Amino acid sequence: MRTYLDAKAMAKSLRQALNEQNVHFTHSKCLELVAQQFGLADWNTLASEIEQKLQAKTLKLPEGWIISGSKSDAYEMGVEKAGQAGAAIIRSKYSPDDSAYEDKKNSFGTLMQNFQAQNYLCKRVRLRAELRTIKVDGAATLWMRVDSVKGSVLSFDNMEMRSQEGTLSGTQEWIERQIVLNVPETAETISFGFYLRGTGQVWARNFELIDVGNDVEVTERPKSELLNPSNLDFAKAS
């Protein structure tokens with residue numbers, strides 16, 4: 001059942017339905033009609049109710065984690081109750097039928113950590129965690145990056161290029177994902193976390209970062225096997 005938080009999507013659907021009947025109302029007028037459907041005097045009253053509900057759902061930022069991303073303000077990130085072990089969440093503030101969605105659909109938000117690499121130099125490290133998703137339109141994923149003293153990327157994996165055990169979308173129950181990267185002696189920092197690209201919700205739990213033996217294969221993006229440029233006229237299909 002729809003709630004106050006669906007009000008803008010309801011107004012958009014109402015306007016589209018009325019247009020199909022050759023009845024043309026402004027978006028503002030449709031917002032007023034939706035407010036009346038909830039038994040409220042006007043849209044300003046409903047907007048105030050929505051703001052109160054959103055504030056009540058504010059997430060707590062866990063200690064040691066930071067928020068980042070291309071448009072992090074399009075997401076809510078954190079934990080439901082600070083100080084309790086469990087799962088962190090990233091959830092979009094928008095849905096595909098929201099009028100603001102078009103501007104946000106290619107954005108992403110991440111909950112991450114960044115630390116000095118000195119204890120992991122010349123080692124191979126594995127990041128492992130479990131992810132769960134609801135209605136993800138885009139991608140939910142783990143990621144890890146190793147940077148040098150000069151700030152350049154030495155190794156990186158966000159699972160986006162994988163053909164197997166890659167990013168998650170849609171609705172999925174808890175599933176483990178892992179990333180394995182080398183940390184060269186020139187490394188300065190290691191960053192890792194999980195992110196949501198697009199809309200929906202993703203939870204992450206049971207993070208573990210340890211060094212592993214060389215018998216464990218790395219998962220960073222594969223380097224090109226080409227020795228020279230190829231298919232410059234686009235004549236060959238993949």
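Four bridges tie strand 5 to strand 6 (residues 153–157), and the two run antiparallel; strands count as paired if DSSP finds at least two bridges between them. Before we go further, a word on the model: it is predicted, so local features need pLDDT of at least 70 and side-chain atom pairs count only at pLDDT 80 or more, while totals for chains, interfaces and linings use all residues. Residues are numbered from 1 along each chain as its sequence is written, and side-chain values use heavy atoms, with hydrogens and water left out.

Strand 5 and strand 6 make a hairpin that has four residues between them, and Gly151 in the turn shows a positive phi of about 90 degrees. Arg145 has Phe156 as its bridge partner in strand 6.

Now step back to the whole protein. It holds three helices and eight strands, arranged along the sequence in the pattern α-α-α-β-β-β-β-β-β-β-β. Helices (H or I, at least four residues) and strands (E, at least two) are DSSP runs, numbered from the N terminus. Of the 238 residues in the protein, 35% are buried; buried means under 20% relative accessible area, exposed means over 50%, and partly exposed lies in between, using a 1.4 Å probe and protein chains only. Among contacts between residues at least 6 apart in sequence, 72% join residues at least 24 apart, where contact means heavy atoms within 4.5 Å.

Strand 8 (residues 187–212) runs antiparallel to strand 3 (residues 88–92), with four bridges joining them, and Ala88 stands opposite Ala204 of strand 8. Strand 4 (residues 108–116) is also antiparallel to strand 8, through nine bridges; here Phe115 has Ile190 as its bridge partner. Strand 5 (residues 123–148) joins strand 8 by 22 bridges, again antiparallel, and Arg124 is partnered by Val212.

Ala140 counts as buried because its relative accessible area is 0%. Not counting residues up to four places away in sequence, Ala140 touches Leu131, Thr133, Thr167, Leu168, Tyr195, Leu196 and Val202. The C-alpha atoms of Ala140 and Gly166 are separated by 9.2 Å, although the two residues are 26 apart along the chain.

The loop between strand 6 and strand 7 deserves a visit for its backbone. Most residues other than glycine have a negative phi, and most peptide bonds are trans. Met159, found in the loop between strand 6 and strand 7 (168–183), has a positive phi of about 70 degrees although it is not a glycine. Glu165 lies in that loop too, and it has a positive phi of about 50 degrees, again without being a glycine. In accessibility, Met159 is buried because its relative value is 1%, whereas Glu165 is exposed because its relative value is 56%.

Next, turn to the helices. Helix 1 (residues 7–20) has 14 residues and reaches 20 Å from its first C-alpha to its last, close to the 20 Å expected at 1.5 Å a residue; the expected span is 1.5 Å times one less than the number of residues. Its buried residues are Ala7, Ala9, Met10, Ala11 and Leu18. Just after helix 1, Asn22 takes a positive phi of about 65 degrees.

Helix 1 also meets helix 2 (residues 27–37): their axes come within 8 Å and cross at roughly 115 degrees. Axes are lines fitted to C-alpha atoms, for helices over the stretch in contact, and angles run from 0 to 180 degrees between N-to-C directions. On the helix 1 side, the contact involves Ala7, Lys8, Met10, Ala11, Lys12, Leu14, Arg15 and Leu18, and on the helix 2 side His27, Cys30, Leu31, Leu33, Val34 and Gln37. These residues divide into nine nonpolar, two polar and three charged; Ala, Val, Leu, Ile, Met, Phe, Trp, Tyr, Cys and Pro count as nonpolar, Asp, Glu, Lys and Arg as charged, and the others, Gly among them, as polar.

Finally, find Gly64 in the loop between helix 3 (43–56) and strand 1 (66–69). Gly64 counts as exposed because its relative accessibility is 51%. Leaving aside neighbours within four places in sequence, Gly64 is in contact with Met112 and Gln113. Gly64 and Gln113 are 49 residues apart in sequence and 6.7 Å apart in space, C-alpha to C-alpha.
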